[in-house]
Amino acid sequence: MSSDSLTPARLLLYVSIALLLPFFFVFQHFKSEGDQLEQLEQTLTLLEGDILLKEKKQAQNKAVRAHFKDSDHFFIDKYLEPISLLERESQSIVALFEQPIPLSEPVKKRYEFLTSGQNGISFVEGQVKSYPSFQETLETLSHPIELDLDDLKKLLTLIEGTNLSNEPTPPGRPHLLITEFKLDKKEGFKGREHFLLHLKILKREYL
């Protein structure tokens, strides 16, 4: 018998392979379909998460806009800039004027610094940037200011609407975001703890 002749065993093998090939291709087809379906389900899950996150953000944005809808454009001018800083120190120096001992020149200069407006709060308004639903203005302190802990609490209460001080937050507070806050510790009059503040605020007003 020739080595190339087809034996019954080999014939059975070929027939078996021929019969199994359709099942293999069908299996591969359904496996590919299953993989695509799984990818589609994952994509839908991601899309659903994105939609829920977007809806949550939209709800938060609506709540923020509603909260600040009646904001006062001149809030900073009315309530932040008029704050009188270091009042306790000023009162301490005033009490010294009543003493028979003449005040030293450094003390006199310090009193002038506190009462002449040199240490007053003054913001410089930057360029207004307009967006579809709101506008932003960068407000920067024209110069660093000296203040004590009570002054700092009062200022942050007005900016952030928190309860750091006993004074209530006036109505009409706009959406104020602190973009730069640098606080340097220094020694004040008679060793009192004072700070030197550099501050920038982003004022966001909703249209």
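The side chain of Asn119 comes to 2.8 Å from the backbone nitrogen of Glu146. Leaving aside residues up to four places away in sequence, Asn119 touches Leu85, Leu86, Phe113, His143, Ile145 and Glu146, where contact means heavy atoms within 4.5 Å.

## Helices α3 and α4

Helix α3 (residues 87-97) and helix α4 (residues 105-115) have axes that come within 10 Å and cross at roughly 135°. The axes are lines fitted to C-alpha atoms over the stretch in contact, and angles run from 0 to 180 degrees between N-to-C directions.

The contact involves Glu89, Ser90, Ile93, Val94, Leu96 and Phe97 of α3, together with Val107, Arg110, Tyr111 and Leu114 of α4.

## The chain as a whole

The protein chain contains five helices and five strands, arranged along the sequence as α-α-α-α-β-β-β-α-β-β. Of its 207 residues, 26% count as buried. Among contacts with a separation of 6 or more, 61% join residues 24 or more positions apart.

## Basis of the values

Residues are numbered from 1 along each chain as its sequence is written, and side-chain values use heavy atoms, with hydrogens and water left out. Because the model is predicted, local features need pLDDT of at least 70 and side-chain atom pairs count only at pLDDT 80 or more, whereas totals for chains, interfaces and linings use all residues.

How values were computed: Helices (H or I, at least four residues) and strands (E, at least two) are DSSP runs, numbered from the N terminus. A polar contact is a pair of N or O atoms within 3.5 Å; within protein, one must be able to donate a hydrogen and the other to accept it, and residues adjacent in sequence count only if both atoms are side-chain atoms. Buried means under 20% relative accessible area, exposed over 50%, partly exposed in between (1.4 Å probe, protein chains only).
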